[in-house]
Amino acid sequence: MRIRDRPKLASTPARSTAIACVDAGIDAARPGSALADRVTIDGDSLRIADERYDLTAHDRVVVLGGGNAAAHVAAALSDVLGERLDGGVVVTDDPVDVPRVEVLQSDHPVPSERGVDATAQVLATARDCDADTLVLAVVTGGGSALMSAPAGELSLDDLQATTEALVRSGAPIHDVNAVRKHCSALKGGRLARALAPATVATLVFSDVVGNDLDVVASGPTVPDASTYDDALAVLDERDLDVPDAVRTRLERGAGGDVPETPSAGDPAFESVHTHVLADGRTALAAAVGTARERGYEPLVLSASIEGEAREVGAVHAAIADEVTATGNPVSPPAVVVSGGELTVTVEGDGEGGPNQECALAAAPRLPDSAAFACVDTDGIDGASEHTGALVDSGTVDDPRAAREALGHNDAGGFLAGRNALLRTGPTGTNVNDLRVLVIEA
C-alpha cells in the first residue's frame, strides 16, 4: 500500500519516516500478508493458526461474512484453497473479484438498502449450511455497518437514524455495538445460530482495542457479552434520540418479550472456532521494524489508546516535547508508535475524521524536530475520503484558527491545502488507528 503524493508529503526526513512506517503498518495487516504461513493446505488438512481441519470430513467449504477487508480475505483464502473452495458470500465496501465467491457491495459507516439486501443473502446462505459444511467465517472491522439486518419490526430507516446518533455521540465502540447487536438479526452471535450445526472457523481482522471478539463487527459468530439492558443504558446515559421502534424493541427485550442474543454456553457455538489473524499490534510491529531499519529508536506507547481525538493529539505533542527536552522515555532520533480507537463528540458540521482531528490538535504544539502521522488503517478516516493526516510544526501558522476549526469539527477543512492530508483509498484491511510520532535528534 502506498500513500498518494508521497514525494510531496515526504518533504523532511521526519515526514518521510512517518509515511514509511504508516505504509509498513498497513501492508502488514493486509490479508495476503496476514494469512501467509498462518493459513495453509497440507494434503487434505487445512491449517489455520494452530488448528487443523480435515477437508475430507466436509462435503463443502464456503466463505461467509463481511467487513471492510472481507473481499480481500476471501481472495487470499481462494488463493490457498483453489478448487477446494465451493462457494460463499461476503459483504464489503471494498470489492474485488474472488473465484467461486459472490462479493456484494454495501456501505459504511451508515447502513444502506443494498447492505440490507446483501446481508439477507449471507443469512440465506448460512441457513443452507449443514453438519457436513466447513464455513470460513470472515469477520473484519466495518462489518457492523456493512452487514445490516434489521431485527423484528425494525426498518432500515431505524438503523440509519440510530447509527448516526451513536456515531455523533462519541460513544466508545463497545457501547455503539451493544445497541447495534440488539437491533440485528445477524450480530451478537445470531449468524452462528443460523450456521449451526456447520463447523465454523471464524477468521478475525480486529479493529477493536483488546480484541473483544463480540465487539469486532458486532460479533456475528461469537457469544454476546452484552444485553438489552446494556443497550438501553447506552441510550439513557448519552440521552440519545433514537426512533421509537428501536427503544420499544430494547425495552421489550429487557422485559423478556424478545429473545436475548446467544451468550456463552449456547449450543450455537459448539462447533465454532475463532482465530484472530491481524489486529492493531500487527500494524504497530511493522511500523517499529521500519523505524529500526531507518536508524530510529522505536517505542510502542500503547496499542490500546481510546478517547477523544484532540486529547490524544495533545498527549502525543507533549511526549514529543519531553523526548526533545530530556531524552525520556526514549532518546532521539526516535519513533513513538501507538494504536487504538479514537472518538469525536461531534458538535459542528465540518469535514474530517478522528485521525485528522488528532493530528491537528497536536500540530501547534510539536517541536521543530517532530512529525506526526495519524491514520485509520482501512483508508477511511471517519466518513472522510482521506486516510488521516501528517503534520509538523509548520502545518499551523495560526493556532487560534486551528482551535476554531477543532471547535467546528473541521480538521479536514483546515488541513486541506497544507500538505497534510493523507490518502490511500481503501486499503484492503482494517485494524484500527495507527499513529507514528517521529522525533529527530
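A: First, a term for sorting residues: Ala, Val, Leu, Ile, Met, Phe, Trp, Tyr, Cys and Pro count as nonpolar, Asp, Glu, Lys and Arg as charged, and the others, Gly among them, as polar. This is a predicted model, where local features need pLDDT of at least 70, side-chain atom pairs count only at pLDDT 80 or more, and totals for chains, interfaces and linings use all residues. Residues are numbered from 1 along each chain as its sequence is written, and side-chain values use heavy atoms, with hydrogens and water left out.

Q: OK, cavities. How many are there of 30 Å³ or more?
A: Three, from a search of the whole structure. A cavity is a set of points on a 1 Å grid over the protein atoms alone, where a 1.4 Å probe fits but cannot get out. Lining residues have an atom within 4 Å of a point. Grid points are joined across faces, edges and corners, and a volume is the space filled by probe spheres set on the points.

Q: What volume does the largest cavity have?
A: About 120 Å³. It is lined by 15 residues, and the closest to its centre are Pro111, Leu159, Thr163, Arg180 and Lys187.

Q: Which elements give two or more residues to that lining?
A: They are α6 (143-146), α7 (156-169) and α8 (173-181). The most comes from α7, with four residues. Helices (H or I, at least four residues) and strands (E, at least two) are DSSP runs, numbered from the N terminus.

Q: And what is the lining of the largest cavity like by class?
A: It has eight nonpolar, five polar and two charged residues.

Q: What about the second largest cavity, what is its volume?
A: About 100 Å³. Of its 14 lining residues, Val208, Val209, Asn211, Gly280 and Ala303 are the closest to the centre. Both α12 (280-293) and β10 (297-308) supply at least two lining residues each. By class, this lining has four nonpolar, seven polar and three charged residues.

Q: New topic: strand β4. Is it mostly covered or open?
A: Mostly covered. Strand β4 (residues 60-66) has six of its seven residues buried. Buried means under 20% relative accessible area, exposed over 50%, partly exposed in between (1.4 Å probe, protein chains only).

Q: Which strands pair with β4?
A: Strand β7 (residues 133-140) pairs with β4 in the parallel sense over seven bridges. Strand β5 (residues 87-92) also runs parallel to β4, joined by five bridges. Two strands pair if DSSP finds at least two bridges between them.

Q: Where should I look for those contacts?
A: Look at valine 61, which stands opposite leucine 134 in β7. Then find valine 63, whose bridge partner in β5 is glycine 88.

Q: What do β4, helix α4 and β5 make?
A: A right-handed β-α-β unit, with α4 spanning residues 70-81. A crossover is right-handed if, with the strands pointing away from the viewer, the path from the first strand over the helix to the second runs clockwise.

Q: Switching to salt bridges. How many does the structure hold?
A: There are 15. A salt bridge is a side-chain nitrogen of Lys or Arg within 4 Å of a carboxyl oxygen of Asp or Glu.

Q: What other pair could I check?
A: Arginine 84 and aspartate 44 form a salt bridge at 3.4 Å, N to O. Arginine 84 lies in the loop between α4 and β5, and aspartate 44 in the loop between β1 (39-42) and β2 (45-48), so the pair ties together parts 40 residues apart in sequence.

Q: Last one. What is the strand order in the six-stranded open sheet?
A: It is β10-β11-β15-β12-β13-β14, with mixed pairing. β10 and β14 (421-422) stand at the edges with a single partner strand each, so one side of each has no neighbour in the sheet.

Notes. 1 Å grid on protein atoms, 1.4 Å probe; cavity = no way out; pocket = protein on both sides within 12 Å on 5 of 7 lines; lining within 4 Å.
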